[in-house]
Amino acid sequence: MSASHVERRPPVADEGYSHILPQGFNSLWSSETRVVEQFHMNQPIPPYLFAFAVGELGTEEMIMQGEKLFGNYPWERFDLLVLPPSFPYGGMENLRMVFLTPTVIKGDATGAQVVAHELAHSWTGNLITNRNNEHFWLNEGFTTYAERRIVKAVLGEDKAEGVDPDAIYSEIPYEKGFQFLWRIERQIGRPTFDAFILDYIDEFKFQSIDTKTFLDFLKFKVPGIEEDIDLVLWTEGTDEVADWKGQEWELYLENLPRVLEPSLVLALDERYRLADSKDYEVKVAFLQLAILSKCKKKIYGEVDKTLKEVGRMKYLRPLYTALVQGDGKEEERSLAKRVFSEARECYHPIARGVVESILAKQ
Ligand SMILES: [Zn+2]
């Protein structure tokens with residue numbers, strides 16, 4: 001606002017505000033039905049430099065939801081700083097001042113999700129911290145759980161899907177940590193679990209803890225929980241790979257480099273039979289990895305079979321693309337062409353068009 005407009009904003013210094021309103025208008029300024037916010041500034045300033053913004057920023061409601069879940073916000077201020085595009089993460093939960101990538105400002109639910117996530121770290125991560133990265137899930141699993149609760153409470157049930165904003169290496173501590181806590185919640189019911197969370201925060205605030213400390217506290221607060229939930233299986237190492245379900249394999253495959261030594265890929269298949277998986281998400285992700293890693297003839301049979309038994313573009317697209325993309329792929333390209341010529345009649349015309357355009361691009 002330029003100084004010349006300042007008289008339009010009541011009240012200004014040395015002037016009552018009643019007589020500056022046009023006739024017929026009632027000022028709601030400080031009227032009894034309004035909430036009065038008071039701000040104090042130590043330095044005297046000219047009135048035209050005073051400003052405020054009102055709108056549905058959403059952050060305050062998120063803080064309220066966070067406080068419902070975890071207890072009082074412990075750090076007095078919560079500021080968000082949007083960084084230049086080179087900032088490498090979705091967000092970073094610095095105390096009192098969260099950093100955000102400018103890419104979250106999209107006006108949709110994913111931005112809210114990142115803010116909710118970083119806010120939730122104010123308690124889980126910043127108030128109670130994992131002792132070291134071995135216990136990373138205590139930070140991220142709890143925070144992912146809280147993020148989803150907060151987003152659901154603020155935006156409604158259907159908008160809480162999505163990504164892990166500060167995931168660096170693997171999404172597993174986020175997702176599996178979330179699943180573990182959700183499993184406990186389902187076992188003991190939300191009201192009991194909510195009370196447990198408040199006790200947990202209160203017990204360990206301003207401390208760094210490890211998984212054992214969490215489990216001991218859980219068993220103390222919820223006697224007999226270990227008979228209903230296999231706590232060791234949920235929290236220990238990678239021994240449970242054999243029990244991984246589709247989603248865990250998907251996450252695992254997704255986080256591998258795009259290309260590996262063929263011998264590693266084949267050893268993985270030898271042991272876990274991923275190419276034979278009945279879950280197409282896993283099967284296709286694995287075959288894609290195997291093709292790109294040049295496992296060659298060892299997997300052609302399974303690729304051939306798969307491309308003939310599914311017509312879903314979600315699966316056809318990555319497999320055909322992996323076959324024709326890149327240098328030194330003559331063998332794979334002729335496989336792709338042969339399989340397509342044999343399978344094309346079974347594909348939907350739209351899928352056929354998609355595959356044709358993939359094959360044409362090579
Ligand atoms: Zn996080």
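Asp-304 and Lys-308 sit four residues apart in helix 12, so about one helical turn separates them; helices here are DSSP runs of H or I with at least four residues, strands are runs of E with at least two, and both are numbered from the N terminus. The side chains of Asp-304 and Lys-308 meet in a salt bridge, at 2.9 Å from N to O (a salt bridge being a side-chain nitrogen of Lys or Arg within 4 Å of a carboxyl oxygen of Asp or Glu). Asp-304 counts as buried because its relative accessibility is 13%, while Lys-308, at 36%, is partly exposed (buried is under 20% relative accessible area, exposed is over 50%, and partly exposed is in between, with a 1.4 Å probe and protein chains only). Through salt bridges with shared partners, Asp-304, Lys-308, Arg-338 and Glu-342 join into one network.

The model is a predicted one, in which local features need pLDDT of at least 70 and side-chain atom pairs count only at pLDDT 80 or more, whereas totals for chains, interfaces and linings use all residues. Residues are numbered from 1 along each chain as its sequence is written, and side-chain values use heavy atoms, with hydrogens and water left out.

In total, the structure holds 21 salt bridges. Another one that involves helix 12 is the pair Glu-331 and Lys-297, whose closest N and O atoms are 3.7 Å apart. Glu-331 belongs to helix 14 (residues 330-343) and Lys-297 to helix 12 (residues 297-309), so this pair ties together parts that lie 34 residues apart in sequence. With a relative accessible area of 34%, Glu-331 is partly exposed; Lys-297, with 62%, is exposed.

Turning to helix 5, this element covers residues 190-204, which makes 15 residues, and reaches 21 Å from its first C-alpha to its last, close to the 21 Å expected at 1.5 Å a residue (the expected span is 1.5 Å times one less than the number of residues). Its buried residues are Phe-193, Phe-196, Ile-197, Tyr-200, Ile-201 and Phe-204. Seen down the axis of helix 5, the buried residues fall within an arc of 135°, so they line one face of the helix; the arc is taken from the directions from the helix axis to the C-beta atoms. An α-helix has 3.6 residues a turn, so residues three or four places apart point the same way. The buried residues of helix 5 pack against helix 1 (59-70), strand 4 (128-130), helix 3 (136-155), helix 4 (172-188), strand 5 and helix 6, where contact means heavy atoms within 4.5 Å.

Also in this stretch, Asp-202 forms a salt bridge with Lys-205, with 3.0 Å between the closest N and O atoms. Lys-205 counts as partly exposed, at 36% relative accessibility. Helix 5 is followed by Phe-206, which has a positive phi, near 60°. Further along, Asp-210 lies in the loop between strand 5 (207-209) and helix 6 (211-221). Asp-210 is buried, at 16% relative accessibility, and, leaving aside neighbours within four places in sequence, is in contact with Arg-131, His-135 and Leu-138.

Finally, there is an open sheet of three strands, in the order 1-3-2 and with mixed pairing (two strands pair if DSSP finds at least two bridges between them). Strand 1 (79-82) and strand 2 (91-92) are the edge strands, each pairing on one side only. Strand 2 pairs with strand 3 (residues 97-100) in the antiparallel sense, over two bridges, and Gly-91 stands opposite Leu-100 in strand 3.
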